[in-house]
Structure formats: structure tokens, C-alpha cells
Amino acid sequence: MSDGNILPVSGKFFGSTENRTDYWNGIQQDITGRVKRKLAYDFIATVRIFGNNISTANVKATLYIQTADLREQYIGVASVQATDKDWVQLKGKFLVNGSPSRAVIFLEGPPPGTDILLDNLIVKRAAKAPPASPPVVENAAFGVNVIANSNLNDGTNGWFPLGNCNLSVGNGSPHILPPMAKDSLGAHEPLSGSYILVTNRTQTWMGPAQMITEKLKLYLTYQVSAWIRVANHASKPQNINIALGVDGQWVNGGQIESSDDKWHEIGGSFRIEKQPTKVMVYVQGPEAGVDLMVAGLQIFPVDRRARFRQLKKETDLIRKRDVILKFSSSDSATLVGTSVKIRQTQNTFPFGTCINRSNIDNEDIVDFFAKNFNWAVFENELKWYWTEPQKGNLNYKDADDLLSLCANHNIQLRGHCIFWEAESSVQSWIRNLNKDDLTSAVENRLAGLLTRYSGKFKHYDVNNEMLHGSFYQDRLGKDIRAHMFKTANQLDPTATLFVNDYNIEDGCDARSSPEKYIEHILDLRAQGGPVGGIGVQGHINSPVGPVVRSALDNLGVLGLPIWFTELDVSSDNEFVRADDLEVMLRESFAHPAVEGVVLWGFWELFMSRDNAYLVNAEGDLNEAGKRYVALKQEWLSRARGRIDEQGKFEFRGFYGVYEVEVEVANDVSKEKMVKASFVVDKGEGPIVISINL
């Protein structure tokens with residue numbers, strides 16, 4: 001090949017495709033009977049590409065599964081950017097849930113006419129991962145700012161201009177800490193009132209900068225805070241970003257949009273998990289020619305444990321209620337001093353997860369799902385591209401199967417989603433319709449889905465990610481969005497209709513700030529769209545409590561229920577991942593406007609995000625999973641004591657279902673254990689529950 005210039009990595013031969021006419025054409029091998037269900041396998045191959053004047057292309061490994069009932073599934077196993085210059089390793093991992101009637105592993109991906117070359121391919125049982133350890137962080141210095149001369153008492157010393165802009169010091173910025181920083185730091189000396197003025201900016205990335213390489217510690221979560229302002233000669237809203245250059249890679253530390261000449265708080269967070277050689281922090285964003293002002297920049301590690309202690313107190317106030325159990329019997333006098341044991345069996349706060357059809361085939365996944373969640377959402381199976389991949393080719397069987405599973409386990413459902421504004425998620429036949437045909441297709445989708453499942457889904461995400469996409473609005477006009485809500489409400493008035501979007505809660509995306517989300521919701525409601533709930537997806541990195549809380553507080557002014565609808569957190573260290581998850585769960589559970597939390601999966605190899613799982617592929621609970629289970633246990637109340645002289649027993653407990661055991665005197669056996677159940681509903685003031693023994 002190529003006059004013998006391509007040589008195998010080892011041995012004398014390598015394999016190659018020829019005459020590929022489609023992206024999915026490639027090298028394959030039938031491995032039916034050689035892989036066992038519920039076991040994890042490593043995939044390792046050495047590949048490169050050749051021909052068709054293509055120098056680089058994505059090569060993917062895919063596992064084709066056919067089940068006994070002829071369902072087909074394609075599992076993405078691995079992906080790598082291959083070149084025509086060198087061999088590269090393609091590595092991945094997979095798990096088969098059911099017992100397939102056929103299993104085929106194959107390579108695909110490059111454009112037609114480009115050959116896939118394969119030197120070797122190995123599929124073997126995955127080794128157990130060694131026990132994880134928490135990262136060791138010495139001298140964390142929580143709350144200590146790593147920025148030098150933040151108050152500018154020494155002019156611009158410690159700062160330098162990124163690019164050929166000019167830095168000078170001005171006066172008149174706020175003296176108070178930005179609220180999100182104050183929430184973390186508590187009492188703090190006032191800011192100086194001085195700011196850096198950046199002029200002569202000829203590129204958007206130009207601004208004030210500092211090197212902070214030696215001041216950062218791996219695996220610590222850092223909060224970012226500052227006051228930001230643009231000059232009054234800006235002609236349109238300006239994007240402003242606190243960024244970090246970590247060995248040349250951009251890391252987002254917070255982002256806002258400013259449309260006036262007032263001071264604005266900017267807040268965000270970041271974490272570094274691999275040792276860098278150079279870290280620079282800089283402020284950038286406004287268009288060339290717009291002057292920028294920066295005051296009181298703070299970057300400090302956060303003390304999550306201290307925050308958790310505060311959240312526990314807040315949780316006790318909003319998620320618990322005083323309970324008075326009033327006991328009676330044929331001989332009430334004998335009840336005084338009787339032993340009482342209270343055990344909560346279910347907290348009624350919604351904790352859910354996404355699931356997919358293949359999960360049903362693995363009883364271990366189903367068992368964990370049923371034991372640990374009371375709400376669910378389908379990962380893909382209700383989306384339009386799944387239920388109608390080609391015009392008129394309807395597929396509701398997968399959704400029906402999942403709905404039956406949830407009904408059997410008394411699990412409530414969110415419907416995700418009726419429409420999706422991101423054009424990349426719209427199937428090709430929809431993209432090719434003219435306006436009239438698209439309008440008709442939208443009406444058919446609404447009628448078909450909402451009529452079929454009337455009353456089955458408690459929530460619907462009506463039109464997903466409207467802050468980030470506009471496929472339907474661009475083609476059918478602004479009114480289409482409110483029309484979708486109104487029609488969905490008419491077809492299924494029992495369902496609460498949600499907006500749903502991402503990057504709402506972390507301060508990292510000016511397009512989807514809480515303020516922008518509020519404006520969006522109010523606009524829909526002004527057009528008659530019955531928006532009944534706020535979906536915050538929650539695909540978050542290195543969460544910081546006060547930043548999340550600030551977003552929830554802002555959204556809470558609308559008086560609508562807030563749900564985290566797709567929560568996941570990611571870290572290669574499962575202890576840090578557990579901490580991230582605990583931050584999000586505690587912040588949610590401690591906030592009065594949050595009425596539910598849905599995780600975007602929990603099982604390794606069945607999540608859309610790397611290093612986010614709670615349960616390893618073969619069913620072992622990792623540290624993040626243990627933390628989730630421990631929090632669920634913490635939020636179940638228990639109490640012991642004795643019935644007082646008024647025949648009462650009082651305690652304070654979480655809302656939910658309880659079981660009480662009472663040792664009652666008996667003439668025959670002297671005493672017997674009597675059990676009863678009761679429910680503590682959400683409400684103001686003590687609840688009195690009568691129990692007749």
C-alpha cells in the first residue's frame with residue numbers, strides 16, 4: 001500500500017478496507033457467544049486511515065447487538081482522530097445488558113473512499129479498577145485570594161496587559177464584596193473602590209492578566225468573583241469572561257453580558273485535575289474598542305464542609321415538620337410510658353434518573369433504579385427523532401416498555417421532550433420540510449404524542465433548549481413556541497409544562513443566565529404559553545454552592561417549581577465526584593423553590609458524560625454512589641421515646657411515609673408490638689396524627 005510505505009506496527013500484516021461507499025462501511029467481526037451479559041469488556045485496536053486525499057478522520061468502534069425479539073442496538077465503544085501518517089490506539093469499553101442473539105464489533109467513521117487500516121484488535125474482559133483514594137491536599141487555605149494586589153493598593157503591580165492594551169487604575173467601583181463571594185467568605189474587609197481600566201483594546205481577548213500557576217492546588221474547587229463594567233460608549237450588549245489559560249487551553253471561570261454602564265457581579269468556578277506547567281487568569285470579551293473595568297477580582301478555594309453544615313440547618317427548616325402522634329386505645333391509661341419507635345420508610349421528595357430501553361435487560365440496573373429513585377425520564381426514547389426517525393415510521397415500543405417498567409415500580413415520569421430547538425437534534429426529514437409541511441408535522445407530533453400518553457407523564461419538557469437553539473422559531477416564527485405550550489396543555493391538561501435548558505446555574509454562559517431565562521419565561525407567558533415549571537438541566541463542572549444558590553434565588557422570584565432535570569457531575573477522582581454531587585444535592589434540597597432532582601444516569605457505560613457514573617459497569621457502588629445512598633439515608637427521619645401523660649409522642653421529621661412501632665400491654669402476653677403507618681404531608685405548623693392502638 002502506497003508503494004510499501006505503510007508498515008504494520010507488529011508482525012507482517014495489517015488489514016484494510018477497500019471501496020468504502022458509506023461512513024458505516026468498515027472492518028467487522030462476529031463475536032456472538034464470545035461476550036457474556038453484564039460483564040465489562042475492554043476494546044483496544046491500532047488503526048490509521050489511507051486514501052481519498054483525507055489526512056485525518058474520526059474512526060469509531062461500534063458494537064451491533066440483535067436481541068432475541070429482533071430489537072437492534074448500536075453501542076458506541078470507542079472513538080479516535082486517526083491520520084494517514086501514524087498508527088493510533090483506539091480504546092474503549094462496553095457492556096452487554098441482555099443475552100444477544102447476535103453481536104458484531106465493527107470499525108466505521110471516515111468519509112466514503114477513505115480506507116480504514118487495522119493492525120490489531122483485542123476484546124478482553126475488563127480488569128477491576130483498583131480502589132480509589134481521595135486526593136491529598138495540604139494547606140488548602142480556604143477563602144484566601146490567590147490574586148495578587150486585587151485591591152490595587154499598589155497600582156497595577158502584579159498585573160500585566162494581555163496584548164497591546166493599556167492598564168491604569170481608576171476609582172469609584174463598589175466597596176462591598178459581590179454577593180456570591182460574600183456568601184462564601186462571610187464577614188470581609190471592604191474593597192478599596194479602585195478598579196483596573198483597560199483601554200486601547202484591539203482584540204476581544206485583550207484585558208488584564210496574572211500568572212497564578214504556583215498558587216493553585218490540584219482537585220481544589222475555586223470560586224471566581226469580581227465586579228465588571230464596560231464603558232458607556234459600547235453600542236450593544238457586551239460579553240465579558242473571566243478566563244484561565246491552562247497550558248494554552250481555555251477554562252471558563254465565569255461569564256456575563258452587560259448592556260449598560262453599571263457595575264455587574266460576575267461569578268463562576270473551576271478546578272484543575274492534572275498538573276499544569278502554566279496557568280494565566282485574564283479578563284476578556286468585549287468587542288475591540290470597548291473599554292473594560294475590573295474591580296476586586298477574587299479567586300479562592302471553597303470550604304465545602306462548612307457550607308454543608310449551613311445547608312443542613314436550612315434543610316431542617318424547609319423539608320421537615322413538627323409531628324404530634326396522638327395515641328388512643330381501649331385502656332388509654334396503660335399507654336403512658338409505652339415505648340415508641342419511629343422509622344421513615346420513604347421521603348416523598350422527588351429523586352429521579354434517566355433510563356434507556358437497554359437498561360431493562362439488566363436486572364441489576366433495574367434493581368438499583370427501583371430501590372433508589374421515585375421519578376424517571378427516558379434518555380432518548382420519547383424524543384421525536386426516536387419515535388419517528390423517518391416520516392410515518394412510528395416507534396413507540398421502546399417508550400411503552402419503559403413506561404410499563406416505571407408503572408410496575410410506582411415511579412413517576414417526566415416526558416422529555418416533545419420538541420428540541422437544536423438543529424443537530426432534528427431528524428433529516430424534518431429539516432427538509434417546507435414551512436407548511438413543517439407546521440403540519442408539528443401539529444401531528446403534538447397530537448400523536450400527547451393523545452397517546454395522556455395522563456401518563458406528570459411533566460413535559462415542551463421545547464428543549466430554547467435559549468441555545470431556534471430551529472422551529474426560525475422556520476415557523478416566534479409564536480410557534482407559545483403555540484406548542486398552549487396546544488400541549490389543551491391535549492393533556494394534567495401535565496405540568498416545563499422549559500428546560502443548560503448552563504443556567506453555574507455562571508459560565510451569558511446566553512443562559514438566570515436573568516435571560518426569566519426574560520424568556522415571561523415572554524412565553526405573555527404570549528399565553530402556560531409555562532408551569534422551570535427545568536435546570538444541571539450538567540455542571542466544579543459546582544460552588546453560592547453560585548448555584550444565587551441562580552436558584554433569582555429564578556425563584558417567578559414562583560414556579562424548579563427542577564434539576566438532567567443533573568450530572570464529572571471528575572476522574574470519584575471522591576471529588578462525590579463531593580460535587582453532594583454540593584448539588586444539598587443545595588437543591590435546601591432551597592425552597594426546588595421541587596425535584598433528576599440525575600442524567602447512574603451506571604457506567606450508560607451515561608452521556610465521562611467520569612460521571614455512580615455505579616461501576618459490573619454493579620459496584622463507587623464513592624459517588626455511596627454518597628448518594630448516604631444522603632438518601634440522612635434524609636430519612638428516625639425517632640425513639642415514650643408516650644407522655646397526654647397520650648402523645650412528638651418529633652420533627654422529613655415529609656414522607658412513616659412506620660411506628662408501639663409496645664402495648666396485653667393481659668395474655670403482657671405486651672405486644674403494634675405497627676401502624678402514617679404520612680407527614682408538606683404544610684405549615686405541626687401536624688397532628690391520631691393512631692388508634
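The questions below concern aromatic rings in a predicted model.

Local features need pLDDT of at least 70 and side-chain atom pairs count only at pLDDT 80 or more, while totals for chains, interfaces and linings use all residues. Residues are numbered from 1 along each chain as its sequence is written, and side-chain values use heavy atoms, with hydrogens and water left out.

Reader: How many aromatic pairs does the structure hold?
Author: Rings of Phe, Tyr and Trp (its six-membered ring) pair if their centres lie within 6.5 Å. By that rule the number of aromatic pairs is 33.

Reader: Is the pair of Phe419 and Tyr472 stacked or edge-to-face?
Author: Planes under 30 degrees apart count as stacked, over 60 as edge-to-face and the rest as tilted. The ring centres of Phe419 and Tyr472 are 5.4 Å apart and the planes stand at 65 degrees, so the pair is edge-to-face.

Reader: Which strand and which helix does the pair of Phe419 and Tyr472 link?
Author: Helices (H or I, at least four residues) and strands (E, at least two) are DSSP runs, numbered from the N terminus. The two residues are 53 apart in the chain. Phe419 lies in strand β23 (residues 412-420) and Tyr472 in helix α8 (residues 471-476).

Reader: Is Phe457 buried or exposed?
Author: Buried means under 20% relative accessible area, exposed over 50%, partly exposed in between (1.4 Å probe, protein chains only). Phe457 has a relative accessible area of 1%, so Phe457 is buried.

Reader: Over which ring does the charged end of Arg414 sit?
Author: A charge sits over a ring if NZ of Lys or CZ of Arg is within 6 Å of the ring centre and within 35 degrees of the ring normal. The charged end of Arg414 is 4.8 Å from the centre of the ring it sits over, that of Phe498.
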